[in-house]
Amino acid sequence: MNACILFIDGEFWGLYTLTEKTDDNFIKSHYNIKKKNVSIIKNNKLEEGEEKDLTDWNSFIAKSARTDMTIDKNYKEFCRYIDTDSLAEYFAVQIYWCNYDWPYNNFAVWRSDKIDSSNIYSDGKWRMLLFDTDFTTGLYKNSNTSYTADIFSQLNSYNDNISRTFMNLLKNQDFKQKFCTIFMDLANYNFNPEKTDKTVEYYRNKYHQQISDTNERFYSSTFTSSNGISRFDSEMDTIADFYRNRFTYASDSLIRTTGSNSLHNVTLCQNKNGSINLNTINPDISNSNWCGQYFSDYKIILKAVSKNGYKFDKWEISGTELSTTETKSAEISIIPDNDITVKAIFKKS
């Protein structure tokens, strides 16, 4: 996405954002799949592909909505048709930022109709396609998008097939573990307030004048609120406040929905000679410690990655016990049933 200013015949016509259209060109450029092999279903309508693709999707998701996913055979069959990593990541982010205009609307999936073993995305499985996420993060002053919102309860009340399918999946232990792990990775890392505050301030400082000019050009009467603060600044404040407060409410609603146990701190110690991958994320520990919270129900995966000139030697972990073999293994899985502190020891190679 790129911001640009538009002039028509020399007249200022406002600030706009150039974005890629989520069509077969998008899939081709991002996933290296030929356009003729791409199928896209958006809001229950066929965007790309053939009618059989729409029929296949509708049949598959309608069946999944009424299938008992606690039965291992049923879940394995479901995994044959859909990328569960994509599904888990997609629902985790939409739930975290409280998208109220979804999934009964603004929902899309895609797949490659041709199997190609050389391309992991060309396996015939359905994957999620994210778009139109503005009804989120407390904007529009809607309680259903505020940081206190319980999106799991909302999904449970919906009758559309994708919502019902997702709630069924959370009853499956394997998917629940996958989803909770991905959800907490996003909450701890991607949506950490230190990151979101910097992003909000970047857009506030970079685009304040352009947005002010755009509102003056088209909506001058609504740009300034009654207290004299611009609507732009007010909405930037709302977004920043959302992420500063969302973690507790989001994790609490996840605990209520999944029956997961309490969260414990996982601290990765500062290290200039290497890094530590944690599940799906790679926190920066080059200058300071990093801390996140994870459930004691599920294992976390730690992988030590050395910098040039160094090699992994051993782990020093407090709060849990490792076997001798685990201490020397660069990749381990542990259950954080207490607050734990992790240090990777590297030595010169």
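Guide: Happy to. Keep in mind that this is a predicted model. The largest nonpolar core has 79 residues, and those with the most contacts inside it are Phe91, Ile95, Phe166, Phe179, Phe183, Leu302 and Trp315.

Visitor: What is Phe166 in contact with, leaving aside its neighbours within four places in sequence?

Guide: Phe166 is one of the residues with the most contacts inside the largest core. Taking contact as heavy atoms within 4.5 Å, and skipping those sequence neighbours, its partners are Phe91, Ile95, Phe152, Leu155, Phe175 and Phe179.

Visitor: How many residues are in the second, separate core?

Guide: Look for Phe26, Ile33, Val38 and Ala108, which are among its members. The count for this second core is nine residues.

Visitor: What share of the protein's residues count as buried?

Guide: The cut-off for buried is under 20% relative accessible area. The chain has 349 residues, and the protein exposes about 18,500 Å², with carbon and sulfur atoms supplying 46% of that area. The buried share of residues is 44%.

Visitor: How far apart are the mean positions of the positive and negative charges?

Guide: There are 41 positive and 46 negative charges to average over. For scale, the C-alpha trace spans about 70 × 50 × 40 Å along its principal axes.

Methods: Residues are numbered from 1 along each chain as its sequence is written. This is a predicted model: local features need pLDDT of at least 70, side-chain atom pairs count only at pLDDT 80 or more; totals for chains, interfaces and linings use all residues. Side-chain values use heavy atoms; hydrogens and water are left out. A nonpolar core is a set of buried Ala, Val, Leu, Ile, Met, Phe, Trp, Tyr and Cys residues joined through side-chain atoms within 4.5 Å. Buried means under 20% relative accessible area, exposed over 50%, partly exposed in between (1.4 Å probe, protein chains only). Accessible areas come from the Shrake-Rupley method with a 1.4 Å probe; for residues, only the protein chains shown count as cover. Lys and Arg count as positive and Asp and Glu as negative; His and the chain ends are not counted. The place of a charge is taken as NZ of Lys, CZ of Arg, CG of Asp or CD of Glu.
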